[in-house]
Every structure is written in C-alpha cells, then in structure tokens.
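Take a look at the structure first, then read on.

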Amino acid sequence: MDLKCRKTTCKFNKYFTCTAKNIEIKNTLSCNTFELDPNKDVRDTSRCLFEEAPSYAPHRAKKHMCVICEAKCIFNENGTCIANGLTVNPINEDPSCMTYLKP
C-alpha cells in the first residue's frame, strides 16, 4: 500500500509518507493514528498535489500495512481498507482520509 500524508506535524510523517505500522481511519474519515510532534515545522501543504510522489520522497509502498477503517467506503472490506494507496490530507487541522469513495 502506498501511503501519502500531508499532515506534516505528525510524528509518523517522513517526507509526506506515513511510517506508522498500522493506521486507523474513523467513521468521520479522521486518521486516528495521528500523533502531534511539536518539534516538526508546520507547512502549508494545501496546494500540494500527489499525482506523483515529490522528488525528495522515494516511493515507500508497504506490503503488510493494516489500515483499520470504520468509514462507509467502497474500499472498506470488513473493517479493513483494501485500497492500493491511501492519502491523508489536513483539512481544518484534522488529518482526513482523501481516498474515501461513497459506496
């Protein structure tokens, strides 16, 4: 699974890639795995697009990533996200799943 995260203040964010072992997405689409790292800079990533990975962040797909998902989404299969990739976007300071698609 390819994991992109624009929540740059999260302790698991490394060059816009999530390094957490597992991710939990709540039914509100909020990333429950987010943990604030007060030592990280706050950057405006609202204009960043991830059609392809930024040049300074190599592709970091994880074969054994577990994404627990409570959202009513087409990628939710028995509480687990089965999407090939996941993007988390900081909307209103709340890290939210942008991969969500209505069933």
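Let's start with Cys73, which is buried, at a relative accessible area of 10% (buried means under 20% relative accessible area, exposed over 50%, partly exposed in between, with a 1.4 Å probe and protein chains only). You're looking at a predicted model, where local features need pLDDT of at least 70 and side-chain atom pairs count only at pLDDT 80 or more, while totals for chains, interfaces and linings use all residues. Residues are numbered from 1 along each chain as its sequence is written, and side-chain values use heavy atoms, with hydrogens and water left out.

**Cysteines**
- How many disulfides are there? The count is zero, taking a disulfide as a pair of cysteine sulfur atoms within 2.5 Å.
- Cys73 is in no disulfide either, since the nearest cysteine sulfur is that of Cys69, 5.8 Å off.
- Cys69 is buried as well, with a relative accessible area of 9%.

**Cavities**
- A cavity here is a set of points, on a 1 Å grid over the protein atoms alone, where a 1.4 Å probe fits but cannot get out; lining residues have an atom within 4 Å of a point.
- Grid points are joined across faces, edges and corners, and a volume is the space filled by probe spheres set on the points.
- Two cavities of 30 Å³ or more turn up.
- The largest cavity has a volume of about 110 Å³. It has 15 lining residues, and Cys5, Cys10, Cys18, Cys31 and Val88 are the closest to its centre.
- Strand β1 (residues 2-5) gives the most to that lining, with three residues; strands are DSSP runs (E, at least two residues), numbered from the N terminus.
- The second largest cavity, at about 70 Å³, has both Cys69 and Cys73 in its lining, along with others including Ile25, Val67 and Leu86.

**Nonpolar core**
- A nonpolar core is a set of buried Ala, Val, Leu, Ile, Met, Phe, Trp, Tyr and Cys residues joined through side-chain atoms within 4.5 Å.
- The largest one has 21 residues, and Met1, Leu3, Ile23, Ile25, Val67 and Leu86 have the most contacts inside it.
- Elements giving two or more residues to this core are β1, β4 (22-25), β5 (66-69) and β8 (85-91).
- Ile23 touches (heavy atoms within 4.5 Å) residues including Leu3, Cys18, Cys31, Val67 and Leu86, leaving out those up to four places away in sequence.

Key:
1 Å grid on protein atoms, 1.4 Å probe; cavity = no way out; pocket = protein on both sides within 12 Å on 5 of 7 lines; lining within 4 Å. Helix = DSSP H or I, 4+ residues; strand = E, 2+ residues; numbered from the N terminus.
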